[in-house]
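Subject: Structure for you to look at

Hello,

Here is the structure I promised to pass on. Please open it and keep it beside you while you read.

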Amino acid sequence: MRRPPILAAILLALLAAPAAAQTLRVATFNAELARDGPGVLLHELRTKPKERALSAVAVIKAVRPDVLVLQRIDHDMRGHALAAFAQLLAAGEDGIDYPYSFHAPVNAGVPSGLDLDGDGLVMGTGDALGWGRYPGNGGMAVLSRLPIDAEAARSFRGALWRDQPDARLPARADGAPYFPPEALDVVPLSSRAHWEAPVILPDGRRLALLTAHPTPPLFDGPERLNVLRNRDEVLFWARYLDGAELADDQGRVATAPGGPLVVLGDFNLDPLDGAGDGAAMARLLDHPRLQNPSPASMGAEAAARDQGGANARHRGAAALDTADWRDEPGPGNLRVSYVLPSRDLEVVGAGVFWPAPDDPQAALLDGAGPHRLVWVDLRLGP
């Protein structure tokens with residue numbers, strides 16, 4: 001059918017006009033949704049969510065990220081707990097709908113079959129591939145308003161710790177290896193997992209999410225097991241971005257994506273303060289492929305000032321803190337959660353949801369865990 005000249009002109013103008021710029025909000029949040037037994041979280045979310053879960057829902061609704069990576073949410077094979085949490089987020093007039101999600105098994109709580117901690121037992125939490133009370137305890141997940149290409153996603157949870165370049169394996173006080181020889185064939189680098197999950201952007205491009213939740217560099221003896229594992233877990237992404245060819249759990253060998261990406265998660269490591277090898281975090285923050293938007297909040301600055309203790313001895317800027325931990329004897333408040341976009345992305349905003357004490361939204365943190373949600377806004381299109 002022949003269109004009228006005016007209508008045809010309008011259509012041509014619309015087709016020729018540049019697409020309106022869009023903003024994508026990407027966030028990471030340790031929501032503290034790990035429970036003491038399998039199925040407990042699912043039952044809670046379906047019946048009577050506890051204060052901490054409700055606080056997490058309120059915070060996410062306030063920030064309204066388009067793509068959200070969660071830490072410490074119990075994993076089940078069919079993703080029932082994640083779906084129940086998404087239903088809570090979608091409820092109410094202020095509900096936020098996440099039609100797409102990604103979840104996969106993690107190493108937390110998975111029995112190794114070996115006595116890894118040398119206590120004469122093979123079924124303790126210290127003998128699991130990653131600390132956890134049961135398989136999937138304190139896992140990870142992604143919720144998204146945009147499609148996720150799950151078939152193209154890569155998991156590296158099976159990569160052995162011993163195979164990492166420059167890996168620093170733990171040793172006992174007398175210098176003997178901490179792990180028995182047979183354990184080196186079993187112990188993975190990831191205490192939970194390392195994932196590459198591609199999000200499909202409105203223009204068809206892929207935004208690769210590189211995420212992990214390394215073990216805290218605490219609770220160690222002279223072997224420094226957790227300090228060393230945390231270090232190498234953080235450096236995994238730096239090596240990947242350096243161009244290393246890595247095999248995923250399906251045997252696919254590839255280098256890091258050349259297009260836009262974001263490294264994000266709760267890395268349990270501050271570059272300047274607290275326990276752990278801060279130099280590892282600094283290396284990732286300074287990686288030439290990444291930019292560090294330095295999300296900040298007035299609430300973090302006020303908390304460090306008012307709480308004092310270890311915070312007064314910190315070298316890092318208090319406004320950048322993302323976790324509120326005990327102040328005496330420490331570690332105090334630290335920056336441990338990150339959203340680090342690649343340099344080919346334009347950052348137009350960033351922050352940590354930690355309102356100042358006199359901000360009405362500060363009440364949303366009542367009942368919250370120690371961690372704060374971190375977000376970055378990215379401009380898409382022209």
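Below is what I found, taken topic by topic.

One caution before the details: this is a predicted model.

**The cores**

Start inside the protein. The largest nonpolar core has 62 residues. Those with the most contacts inside it are Phe-29, Ile-60, Leu-70, Phe-85, Leu-207, Leu-209 and Leu-373. There is also a second, separate core. This one has 34 residues, and Leu-116, Trp-161, Val-234 and Leu-269 are among them.

Pick out Leu-373 next. Where does Leu-373 lie? Look in the loop between strand S12 (346–352) and S13. Is Leu-373 buried or exposed? Its relative accessible area is 0%. Buried means under 20%, so Leu-373 counts as buried.

Now look at what surrounds Leu-373. Its neighbours within four places in sequence are left aside here. The contacts of Leu-373 then include Ala-27, Thr-28 and Phe-29. Val-59, Ile-60, Val-63 and Leu-68 are also in contact with Leu-373. Sequence distance is another thing to check. Leu-373 and Lys-61 are 312 residues apart along the chain, yet their C-alpha atoms are separated by 11 Å.

**Helix H3**

Helix H3 covers residues 51–63 and has 13 residues. From its first C-alpha to its last, H3 reaches 18 Å. That is close to the 18 Å expected at 1.5 Å a residue.

Which residues of H3 are buried? They are Ala-53, Ser-55, Ala-56, Val-57, Val-59, Ile-60, Lys-61 and Val-63. Note that Lys-61 is in that list. What covers the buried residues of H3? The cover includes S1, helix H2 (40–47) and strand S2 (67–73). It also includes helix H4 (80–90) and strand S13 (374–380).

**Two positive phi angles**

Go one step past H3. Just after the helix, Arg-64 takes a positive phi of about 55 degrees. Arg-64 is a residue other than glycine. Its place is in the loop between H3 and S2. The relative accessible area of Arg-64 is 29%, and it is partly exposed.

Arg-224 also has a positive phi of about 55 degrees, although it is not a glycine. Arg-224 lies in the loop between strand S7 (206–212) and H5. What is the relative accessibility of Arg-224? The value is 44%, so Arg-224 counts as partly exposed.

**The pockets**

Now for the open space. The largest pocket has a volume of about 1100 Å³. It is lined by 46 residues. Which of these lie nearest its centre? They are Thr-215, Pro-216, Leu-218, Phe-219 and Asn-226. Strand S1 (22–33) and helix H5 (225–241) are the elements that give two or more residues to this lining. H5 gives the most, with 3 residues. The lining divides into 20 nonpolar, 14 polar and 12 charged residues.

The second largest pocket holds about 170 Å³ of space. Its lining has 15 residues. Nearest its centre lie Asp-270, Asp-273, Gly-316, Ala-317 and Asp-321. This lining divides into 7 nonpolar, 4 polar and 4 charged residues.

Finish with the prolines. A cis peptide bond joins Glu-328 and Pro-329, with omega about 0 degrees. Pro-329 is found in the loop between helix H7 (298–307) and strand S11 (337–341). The peptide bond from Gly-330 to Pro-331 is cis as well, with omega near 15 degrees. Pro-331 is found in the loop between H7 and S11.

Pro-257 sits in the loop between strand S9 (253–254) and strand S10 (261–266). What does Pro-257 touch, not counting residues up to four places away in sequence? It touches Glu-196, Ala-208, Tyr-240 and Arg-289. Pro-257 and Leu-207 are 50 residues apart along the chain, and their C-alpha atoms are separated by 9.1 Å.

Best wishes

Technical notes: Residues numbered from 1 in each chain as written. Predicted model: local features only at pLDDT ≥ 70, side-chain atom pairs only at ≥ 80, totals over all residues. Heavy atoms only, no water. Core = buried A, V, L, I, M, F, W, Y, C linked by side-chain atoms within 4.5 Å. Buried < 20%, exposed > 50% of the residue type's maximum accessible area, 1.4 Å probe, protein only. Contact = heavy atoms within 4.5 Å. 1 Å grid on protein atoms, 1.4 Å probe; cavity = no way out; pocket = protein on both sides within 12 Å on 5 of 7 lines; lining within 4 Å. Points joined across faces, edges and corners; volume = space filled by probe spheres on them. Helix = DSSP H or I, 4+ residues; strand = E, 2+ residues; numbered from the N terminus. Nonpolar A, V, L, I, M, F, W, Y, C, P; charged D, E, K, R; others polar. Expected span 1.5 Å × (residues − 1).
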